[in-house]
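Me: I have a new structure open and I'd like a quick tour. Can you walk me through it?

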Amino acid sequence: KFHLYNSFKAVFGKTPHQYANYIKLLKAKELLMAKNSSVSEVAADLGFGDVHGFSKLFKKFYSSSPSAYARPSYR
């Protein structure tokens, strides 16, 4: 278990959990910009447990709230 974890981190520079969140956040940004989905719909579609946690992680990664990406000014 630890060998796989350490090998993954050595190759990708992130833990498996960090990498999964990275992929989810890329998809979230894409969905927010392309569709008229609410932040809560996107969070649920991508498997986040709650909107607050999703929003906090999104803001940490993109330095902007997910609702800001859903606005027409970013399109």
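Me: Let's start with Ala-34. Where does Ala-34 sit?
Reply: Ala-34 is in helix α2. Helices here are DSSP runs of H or I with at least four residues, strands are E runs of at least two, and both are numbered from the N terminus.

Me: Is Ala-34 buried or exposed?
Reply: Ala-34 counts as exposed, at 64% relative accessibility. The cut-offs are under 20% relative accessible area for buried, over 50% for exposed, and partly exposed in between, with a 1.4 Å probe and protein chains only.

Me: And how far is Ala-34 from Tyr-69?
Reply: Their C-alpha atoms are separated by 9.7 Å, and the two are 35 residues apart along the chain.

Me: What should I know about the model itself?
Reply: It is a predicted model, where local features need pLDDT of at least 70, side-chain atom pairs count only at pLDDT 80 or more, and totals for chains, interfaces and linings use all residues. Residues are numbered from 1 along each chain as its sequence is written, and side-chain values use heavy atoms, with hydrogens and water left out.

Me: OK, the big picture. How many helices and strands are there?
Reply: Five helices and zero strands. The order from the N terminus is α-α-α-α-α.

Me: What does the C-alpha trace span?
Reply: About 45 × 20 × 20 Å along its principal axes. The protein has 75 residues, and 25% of them count as buried.

Me: What's in the largest nonpolar core?
Reply: The core has 13 residues. Ala-28, Leu-32, Val-42, Leu-46, Phe-54 and Phe-58 have the most contacts inside it. A nonpolar core is a set of buried Ala, Val, Leu, Ile, Met, Phe, Trp, Tyr and Cys residues joined through side-chain atoms within 4.5 Å.

Me: Switching to rings. How many aromatic pairs are there?
Reply: Eleven. Rings of Phe, Tyr and Trp (its six-membered ring) pair if their centres lie within 6.5 Å; planes under 30 degrees apart are stacked, over 60 edge-to-face, and the rest tilted.

Me: Give me one. How do Tyr-22 and Phe-61 pair?
Reply: Edge-to-face, at 5.8 Å centre to centre with 65° between the planes. The pair links distant parts of the chain: Tyr-22 is in α2 (residues 16-34) and Phe-61 in α4 (residues 51-62), 39 residues apart. Tyr-22 is partly exposed at 28%, and Phe-61 is partly exposed at 38%.

Me: What about Phe-48 and Phe-54?
Reply: Their ring centres are 5.0 Å apart and their planes lie at 55°, so the pair is tilted. Phe-48 and Phe-54 are both buried.

Me: Which rings join into a cluster?
Reply: Ring pairs link Phe-8, Phe-12, Tyr-19, Tyr-22, Phe-48, Phe-54, Phe-58, Phe-61, Tyr-62 and Tyr-69.

Me: Which charged end sits over the ring of Tyr-22?
Reply: That of Lys-14, 5.1 Å from the ring centre. Lys-24 has its charged end over the ring of Phe-48, 4.9 Å from the centre. The rule asks for NZ of Lys or CZ of Arg within 6 Å of the ring centre and within 35 degrees of the ring normal.

Me: Now Leu-57. Where is it?
Reply: Leu-57 is in helix α4. Leu-57 is partly exposed, with a relative accessible area of 25%. Leu-57 and Leu-25 are 8.4 Å apart, C-alpha to C-alpha, and 32 residues apart in sequence.

Me: Last one. What is the phi of Ser-63?
Reply: Positive, about 60°, although Ser-63 is not a glycine. Most residues other than glycine have a negative phi.

Me: Where is Ser-63?
Reply: Ser-63 lies in the loop between α4 and α5 (66-69). Ser-63 is exposed, with a relative accessible area of 65%.
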